[in-house]
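Q: Can you walk me through this model? Let's start with the core.

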Amino acid sequence: MKTIMRANGNLFPSIPALLENFFSNELTDSVLATGQNAATLPAVNIIETNDDYRIEMAAPGMKRDDFRVELDNNQLTISSVTENASDSKDQYLRREYNYGAFQRSFTLPENEVEGEQIAARYEDGILHIVVPKKEEAKIKPVRQIAVA
């Protein structure tokens, strides 16, 4: 079991012990990852406009062919199976990111989207997915009605 902080007999550890623990791999490994080969999930932004939903997934360093986007009923799933960097023969002194396999799923509003028209593109490290809304789900502009 790894220890996060060593105590010097007082309630608070000494400053040198704090610095040593802060910069040690034990602390960063235990706090930032759940295992040696743990990968981070890509960050996602979801934007709603009157015409569509837009999903932006930050995944720098990947290729277009690394992604798999599927729609099953109203469940949109984005996944990737990429070569794990841990397979490399390089000896890392510090590793703060690792792109391995991941899967993220989003439940789309039922009967509000045009599933057949969903489009995806990968550009500048960001996966862009556009999910068009059905016409009846769009907010209609205010209409003036003439009084007779």
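**Core and strands**

A: The largest nonpolar core has 16 residues, and those with the most contacts inside it are Phe67, Ile78, Leu127, Ile129 and Val131. A nonpolar core here is a set of buried Ala, Val, Leu, Ile, Met, Phe, Trp, Tyr and Cys residues joined through side-chain atoms within 4.5 Å. Buried means under 20% relative accessible area, exposed over 50%, partly exposed in between (1.4 Å probe, protein chains only).

Q: Which strands each supply at least two residues of this core?
A: β2 (52-58), β4 (75-80), β5 (102-107) and β7 (126-132). Strands (E, at least two residues) are DSSP runs, numbered from the N terminus.

Q: Where do the numbers and cut-offs come from?
A: This is a predicted model, so local features need pLDDT of at least 70, side-chain atom pairs count only at pLDDT 80 or more, and totals for chains, interfaces and linings use all residues. Residues are numbered from 1 along each chain as its sequence is written, and side-chain values use heavy atoms, with hydrogens and water left out.

Q: What does Ile78 touch?
A: Leaving out residues up to four places away in sequence, Ile78 touches Ile55, Met57, Arg68, Val69, Phe102, Gln103, Arg104, Phe106, Leu127 and Ile129. Contact means heavy atoms within 4.5 Å.

Q: How many aromatic pairs?
A: The count is 1. Phe67 and Tyr122 have ring centres 5.1 Å apart and planes at 45°, so the pair is tilted. The rule: rings of Phe, Tyr and Trp (its six-membered ring) pair if their centres lie within 6.5 Å; planes under 30 degrees apart are stacked, over 60 edge-to-face, the rest tilted.

Q: Where do Phe67 and Tyr122 sit in the chain?
A: Phe67 is in strand β3 (residues 67-72) and Tyr122 in strand β6 (residues 119-123), 55 residues apart. Phe67 and Tyr122 are both buried.

Q: New topic. Is Ile46 buried or exposed?
A: Exposed, because its relative accessibility is 52%. Ile46 lies in strand β1 (residues 44-48). Beyond its neighbours within four places in sequence, Ile46 contacts Arg54, Ile55 and Phe106.

Q: How do β1 and β2 pair?
A: Antiparallel, over 5 bridges. Strands pair if DSSP finds at least two bridges between them. β1 and β2 form a hairpin with 3 residues between them. Val44 has Met57 in β2 as its bridge partner.

Q: And how many bridges join β2 to β7?
A: 7, and the two strands run antiparallel. Glu56 is bridged to His128 in β7.

Technical notes: Helices (H or I, at least four residues) and strands (E, at least two) are DSSP runs, numbered from the N terminus.
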